[in-house]
Amino acid sequence: MQSATQHLSWTKPLTPPAVVLPLKTGIITGLLAIYSAAVGILKLFFERDVIVDTLTLGDLFLATLAACCGAYVWRKSTQAGHIRAAQAFAAGLIAGLILVGLVVAVTQLNLRWMFTALSADLSRTLTYKQGALAGSLMIIAASMSAALCGALLMSMSDSLRRSLLWSMACVLIAGVFQELIQISLRFGGAVAAIRELLYVWGGLTVQGAAIVFFFAFVVLQALDARKRRGAATTLKSPAPKARSQLASALLLIAVLIAFPLVAGSYIGQVMMLVSLFVLMGMGLNIEVGLAGLLDMGFVAFFAVGAYTIALLTADSEYALAQDTFLPSLNFWSALPFAVLAATLVGVLFGLPVLSVKGDYLAVATLGLGEIVRVLVISDAAKPVLGGAQGILQIPKPHIGSFELADPVSLFYLTLVFVLVAAYIAWRLEGSRLGRAWMAIRDDEDVAQALGINLVQSKLLAYGLGAAFAGLAGAIFATMLTSVYPHSFSLLISINVLALLIVGGMGSLPGVIVGAILLIGLPEVLREFDEYRYLFYGALLIVVMRVRPEGLWPSPQRKRELRAAEKG
Amino acid sequence: MMTATNVLPERRARWRISFSAATSWVLRISIALILVAGVVGSILKDRYSADQWFDLVAFGITIGSVYALIALGYTMVYGVLRLINFAHGDIMMAGSFAGFFIAASMERSGFLDQHPVLAFAAMLAVAMLVSAGIAVLTERFAYRPFRHVRGLAPLICAIGVSFFLQQSFRGFFGAGLRSYPDPVWLRAPVSLFEFNVPAVQVLVVASAIVVMLVLYLIVHKTKMGTAMRAVSEDVETATLMGIDVNRVVTFTFALGGAVGGVAGVFYGLVFKQVYFFMGFTPGIKAFGAAVLGGIGNVPGAMIGGIFLGICESLAPALLLDGLGIPAPYQMRDLIAFTLLIAVLIFRPYGIFGERLAGKRG
Amino acid sequence: MTTPIKAAQRLGETQELAPVLLRTSDLTMRFGGLTALDKVNVDVRRGSIHSVIGPNGAGKTTLFNCIMQANRISSGDIHFASERLVGLTPDKVAAAGIARTYQNIRLFTGITAIENLLVGMHRQLKSHWWEAVINSARCRLDEKKAHEEACEILNFIGLSGRGDMLARNLSYGDQRRLEIGRALCTKPKLLMLDEPTAGMNPREITEMMHFILRIRDVFNLTIVLIEHQMRLVMQVSDTVTVLDHGVKIAEGDPAHVKSHPAVIEAYLGRAAHRQEQPA
């Protein structure tokens, strides 16, 4: 069979021989595994348990890689069933062999001076502490069986596969986020009983994992069955849909209010950060998503907001109240000035680059942002802005006599601002100005020829975007009670841009999804913090390639997709 | 027959100068004023000796030639694909790391001190290979799917690639600084016009000139170079003429990457250190240099790079000191970025006036 | 509906009386060493359909760009109604009452058809951006009126029911008409159409011809038309201007231009012209 294919290959150049596919896939999978080891993230994965003392995230990661490899081979192969299975098996074998090669290389050669992560320790972990030979055989066996499982999954019906995968995902979530879940389940008798059923102090138990898996599986299957029945009978009319949207929005807000109370102050802190970035994301969305002005110096506006608050309210030698006639303000009275200052800087920032377009604009704004940063750090600005040491002792906001000191109350404060900002952004998007922005985004010259004042519209985009960022900066300053120039690096701009793109440009819910995924998740998984920007980089590439409209596209983009599917 | 009576005289006066034009003039005038004030101030202060000025210029030329090498990569890729390869600075960083590891292993065996020429050649060769390899891989896996996509997607993908490379290297080799080997033969001062210059600077400038010459010959005298220029003129026509665009693009990335790798080694030798974020700032600056020389224009990138290097090196002493700014050397990046923005605003098609920039966006 | 010929005749009678709406005087446009337009004088009379024809590269689209002030002209002058256009930005020119379409359709592809029209209405809406935020009465009224008008235009261009489609998903002919509709939304006095029939088959060209006449009559407009389709030009135009290599080589009513030796030469070359002469 195989030789026949090879023989015929010159007549059928589109069908590669049966060996090439598993070979290629296996090699790529093996290289990915080696990459993850060399970059050091695999070691961290191995340190995190999914199921206590039984399954680490590292095992799961490698198994998933091998399973994906098997599944890919199964899907791509055009051979008969049993040959496909053999192909998947072979791909798993190759991937396993490559990993064994890594283990050998790590034990035989000293790679440590070059690759910091490739230690003997890692190879011990990889071989399950069983020694070289037995461990290597185990790796190969595990890789092959995982690949086979992957292939098996692909051969199942869609509904079964979906349920299985989602159930596994549930177990993964229950295992990886065990600390948070355990903290959230700390109240009440019945709730505590559930916790004890699933968890021990260190994490998820085998029994717990099984319960979660079966529970999720049953629920998903039931849902699936109902959906299939439902799809056959009724179609939702649009009016209740709008109402249900409103209801779900209200529900979301209610959950947002209740969640930090339940989950404790650490989660409150995380949610606080997420909402700050949502605020900034909405600002950048005006510039990039609506007006198409790719601004990479966005952090400058954030910094202006923060420094304005610091200069106006701080109890320090740099405060304006110290050496000018200005009185020392509290947070609330300084806030409008912070927003105003950011808006002003936004307009000033936009002025010189009005005529710069497209890619060049990105670089120009990046340069502007860097200039602001260099200026703030420099000795020249030190007498005013405090140099690298920053400005300390910024008071927290008060409502009456109540000080919003803890992260949870600050989160509520931010949430209020986010809601107001979201309303403003939503109103603007559907307005005359919003349409002008979108026209500028699509074709600047035509927009101008239709009577749109480019200068005004662009400056408004910069100014309003900056206002949102300034607001976020102001809250950020009082949250930390201090400002340092190092908090305002280019990475913040990249953060905001990435969350906007991943969530979906031009889409408000997208911003929230993006912020949760890109800001919230790394905060919760603190030990992977080092790999945060690696994750961002990879995510940007993947999202741009696979889903350029983002995870939660705006209704317009969705319409576009639907139309594309139809046509 | 054509009576003018029907066209009425002007009803009301409008602003004949547009707002953007007015802003740009205000900017120009203020930049000019600052320049004049700074230079006059510095000359009046007369704080630096001739030796010091010479050092500054020599250093400027050195770092400028490194910028020029990086700028070449930007310019060639932009010429062919109309893409700002945002990750080019990081490709340079990869070359720097490759050169570092070769040099470090040779230093341990003593080879580095015994055979300077061979060791130097080995460093460059490996750096070129690694950088070219990474550049080709990024093109194949990240940029090729965006070949026909307009708008922001390719640039965003390039930003993603940049971060991915940076952070991968951070994961591989650690977040700390590693110091480049500094053999005796690089430290020895060389006498030049009665001034002493460190050997490394002479070496870097001389080799950069050689690399640029070779590159110029490749672009202008070889078949592949001609194909490259054809593709940057007009992709479709080039395709019709039987040019394999994929091959040309791959070749361009390989060439740009190799030159970037050389730049990486030089940057490491001049600043004596490597770390994962080192590619970012020189990358952005070199992009400015490429635009300054007219993007897509190979000799322009060389001149732009050296010009930028000299500006950056001289400006703190010549300009900022005169304005009475404390610690002007902290502001070196400020000068480079200001120059970058000024170029993007006032001369996006470069000082030689090639209007390539308008073709995209 | 009036037939094209009749419409042309009807206007032909009043042509001498109509005042000049747009005048270019010695309009010159140079790109580096290339002179795209060389001392072009064109008078467009109110209510007329004025065609600009000429071989490829004759400078027709450049003429539009210059009138719109998308390019800064090298020398000469342009007057529209009572206003001097030179030195204005395109949005001010649009405000003065000129709208145009493009040879290669340039719609806002990322937004819907109706939103494209609403962008065209930008100038008509008077409410400020902050009024949209506080949802003021004026803003609501404005938006409502704009939507109604946009729907009317949508009907007029024959796209009713397709308003919510993304512009890029419309058919070619629909895109052409939507682009014209978008230009109409700016309530222009002068509409400049750049090859509205490019890439159309004979039946569609006839439809477009009727459509152009209907626009002129319904909206009471003056139209400047760049066109390659001689049948259409000859039937709808009141005046035809012929450009070749940036120089105006002939002007007059269609019949006059058709038989003008310079025009035949420009289109068919010198040799053809010589062969034509004896016949």
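This is a predicted model: local features need pLDDT of at least 70, side-chain atom pairs count only at pLDDT 80 or more; totals for chains, interfaces and linings use all residues.

1. The residues of α7(A) that are buried include A:Gly135, A:Ser136, A:Ile139, A:Ile140 and A:Ser143. Further along, A:Ala146, A:Ala147, A:Gly150, A:Ala151, A:Leu153 and A:Met154 are among the buried residues as well. As background, residues three or four places apart on an α-helix point the same way, because there are 3.6 residues a turn.

2. Helix α7 of chain A spans residues 132-155, 24 residues in total. Its first and last C-alpha atoms lie 35 Å apart, close to the 34 Å expected at 1.5 Å a residue.

3. Chain A and chain B bury about 4,700 Å² between them, with 78% of that area on carbon and sulfur atoms. Of the area that chain A buries against chain B, 16% comes from A:Trp113, A:Asp359 and A:Tyr360, more than from any other three residues.

4. The contact involves 52 residues of chain A and 56 residues of chain B. Zero salt bridges are found across this interface, while five residue pairs are in polar contact, both residues being at pLDDT 80 or more.

5. On the side of chain A that touches chain B, two or more residues each come from α2 (20-39), α17 (358-377), α22 (454-480), α23 (490-503) and α25 (532-546). The most come from α17(A), with twelve residues. By class, this side of chain A has 40 nonpolar, six polar and six charged residues.

How values were computed
Residues are numbered from 1 along each chain as its sequence is written. Chains are lettered from A and ligands numbered from 1 in the order in which they are written. Side-chain values use heavy atoms; hydrogens and water are left out. Contact means heavy atoms within 4.5 Å. Buried area is the accessible area (1.4 Å probe) that two parts lose on being put together, summed over both. A salt bridge is a side-chain nitrogen of Lys or Arg within 4 Å of a carboxyl oxygen of Asp or Glu. A polar contact is a pair of N or O atoms within 3.5 Å; within protein, one must be able to donate a hydrogen and the other to accept it, and residues adjacent in sequence count only if both atoms are side-chain atoms. Helices (H or I, at least four residues) and strands (E, at least two) are DSSP runs, numbered from the N terminus. Ala, Val, Leu, Ile, Met, Phe, Trp, Tyr, Cys and Pro count as nonpolar, Asp, Glu, Lys and Arg as charged, and the others, Gly among them, as polar. The expected span of a helix is 1.5 Å times one less than its number of residues. Buried means under 20% relative accessible area, exposed over 50%, partly exposed in between (1.4 Å probe, protein chains only).
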